[in-house]
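This report goes through selected local features of one protein model, taken topic by topic. The sequence and the coordinates come next.

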Amino acid sequence: MNHTNRDGYQVTTRQVAVLMLLAYLFSFAVRMIWVYQFKDNPDFFWNGELMINTNDGYFFAAGAQKELFGMHMDNPRVYGMWDYGVIFFTVLFTKLTPFSLETVILYMPAVISSLVVIPIILIARLYKQTLWGFFAALLGSIAWSYYNRTMTGYYDTDMFSAMAPMFILYFLIKSTIDFNLRSALYAAIAIIVYPFLYDQGQAIVYAMGMIYGAYMVWYHRHEKTTYASLLLVFLALLPLKKLGFDIPWNFIIELLIIGTTYWWLNRNAEKIQEKTLLIASGVVFLLFLLMGNVFGLIWNKIASYVITGTSSEGLHFYAVNQTVREAGHIPFSTFANRISGSQIGVILSLIGYIVLVIKHRAFILALPLVGIGVFALWGGLRFTVYAVPVAAMSAVYLFYVIGDFLKDKRAKYAFVAVATAAMIYPNITHIIGYKVPTVLNKAEVEDLVKLDKMANDKDYTLTWWDYGYPIWYYSDTNTLIDGGKHNNDNFIISKIMQTTSPELAASLSRLAVETYVDSNYSIVTNTLFKNGKKDQLDPNLLLDELASGSYKLPPKTRDVYLYLPYRMLNIFPTVMVFGNLDLTTGKRERKVTFYPARAVKNSKGVLTLSNGIVFDSRKGMLSMGREQVPVKYFIATSLSKNGNIRLQSQRYHSNGEYVVVFMKSYGKFIVMDQQTFNSTYVQMFLLGKYDKDLFELVVASPYSRIYKLKK
């Protein structure tokens, strides 16, 4: 089929396919820059392949392991291939291709996310401006935020997040142009499939569906096809899962309903009255609002990212969103860079979108994608990714409008090409400098593999949630908290890591794991403390009993390990926040001091640290701002080849409140208060000191120390 370009050029289907291929190859090639940069770094390889660079990726990779190798059968948090589209396609690609699981999860983001060029070009083709789509595809496929969350190694559902909605947008816009019921059918199918690909995007699809309904009724209310199209789209939006249909049956049933409805509408097109379709689509829309809890869902999504602090129902636990970088407010410059690569670029994109809606009103259907991108200013940088493709189309369209003032068509396209290249340039510059390391290095993985060899798949490894998914994948053990399980149990792990009582650390570890398993994987703190119930307990009393050893622990049913990694050093103050609370009041128990830094200057024993703190090693005094404080101990640690820690200590002032630890092997100083110095993490990882009656050291390396609980 031939389409005449708005400027009179003939663009054949074959040429469109070539343009799509070129844009796709460009997108994929740009994502290979990261691979090229790290291809000679052996620390980033495992099983002969580069490792992935996002923690959350190991959640889905563990699901693939479960399907492919029968692992994680006793882990209640590992899902199967029908639960997430990314697991489904990972298993499929691994089985049908000669590539290993490691290779599939590494390159799958680049392979899938680059498909975004197809709907971008197809949308432009609807308006007979295929080259507009081609230039926009070059920009939109590699723009800052979209690249960051879909680069090679960023194995996560984000590879579908913006790509799949663009297909929905294409079919919705197409249905407003050709008024072919088949276009609405394809849009409905895409809407049904999207939650399987990207489960967090349901609110976006809801918003697109409602705007589509409003648009069609406002502009095309007298068209019979309007209400037939709305009927299909609204049926696709119905959340049948709430009626008890589990995955994948809910998708299969929804597709059957949509297919049957489409067949019936086509067969009886002449017989069905417009009023009947209007009533039917209205009824289904009301069902959608009722069953989907639409406004509640949208508000909960917003609230989860803008409301922080401690929870107020029952006991007062710390809210995790307050510590997640991608969930915080971002400045306009960051917002602009991530959407378009520059502040000028995003302004051009916003102007272009307004012009685009004025020229082609159906682009109002993209408003949810633009809106959620703008919401990133309050909700956090993760939301910018949704707006990237539309922003790219908007900016390039503006270039086309400006180019129309040039009489020479060659000059026009030269201008559009140069302007697009100028938009692409800062994004490519960012990509070249964006040298994200892998989640773990080879030595860290070796430690977890050692744990895998000694542990059972029923065993638990307790550590901070950042490391939960990699622990599943490499050690085949379970965890209490992980990257997706941000709840009150953060308190337990935080308390274990910061307590000065080895007895409390050991007893709470055992009690937490056995309670978690015995309660059918309920939130441990809610079970132990009867949180929010009439007979709610005072958690301080229970913790005191555990610390004293007077609490009767449940029988041991599995082994429990503590994973103390070096990489937790810099986030240890954040880890401590969750457990440094009086749960009955929500108030901080004490002021914590823990400042890791490097020495930047040494003048006759007076050390200036990178964080501005000055340590006078001759007098044993710290200068912290304007305050001069005495140091009680200075301790230097060094690692031997077998992982043992050698200590050298010097005592300064008996009334000193602070301890300075110098980790020679790491070139790092830590200034901390005395209570933090006596914490589980500092004593067992930094100093290698532990109660041998309670713990057994089973793995020791410069990167991690893993202890087995003896209780």
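## Surroundings of Ser114

Leaving aside residues up to four places away in sequence, Ser114 touches Tyr24, Ser27, Phe28 and Arg31. The model is a predicted one, and Ser114 sits in its loop between α4 (101-113) and α5 (117-126). With a relative accessible area of 0%, Ser114 is buried, because the cut-off for that class is under 20%.

## Packing of α2 against α3

Helix α2 spans residues 57-69 and helix α3 spans residues 85-96. Their axes come within 9 Å and cross at roughly 50°. The crossing of the two helices is right-handed.

On the α2 side, the contact is made by Phe60, Gly63, Ala64, Glu67 and Leu68. The α3 side supplies Val86, Ile87, Thr90, Val91, Thr94 and Lys95. By class, the residues of this contact comprise six nonpolar, three polar and two charged.

## Burial of α6

How many of the 11 residues of helix α6 are buried? The count is 10, so this helix, residues 130-140, is largely enclosed by the rest of the structure. The buried residues are Thr130, Trp132, Gly133, Phe134, Phe135, Ala136, Ala137, Leu138, Leu139 and Gly140.

Most residues other than glycine have a negative phi. His72 has a positive phi near 60° and is not a glycine. This residue is placed in the loop between α2 and α3, the two helices whose axes cross at roughly 50°. Is His72 buried or exposed? His72 counts as buried, because its relative accessibility is 2%.

Asp476 is not a glycine either, and its phi is positive at about 55°. Its position is in the loop between α22 (468-475) and α23 (490-498). Asp476 has a relative accessibility of 13% and therefore counts as buried, the limit being under 20%.

Terms used
Residues numbered from 1 in each chain as written. Predicted model: local features only at pLDDT ≥ 70, side-chain atom pairs only at ≥ 80, totals over all residues. Heavy atoms only, no water. Axes fitted to C-alpha atoms, helices over the stretch in contact; angles between N-to-C directions. Helix = DSSP H or I, 4+ residues; strand = E, 2+ residues; numbered from the N terminus. Left-handed = near helix turned anticlockwise from the far one by under 90°. Contact = heavy atoms within 4.5 Å. Nonpolar A, V, L, I, M, F, W, Y, C, P; charged D, E, K, R; others polar. Buried < 20%, exposed > 50% of the residue type's maximum accessible area, 1.4 Å probe, protein only.
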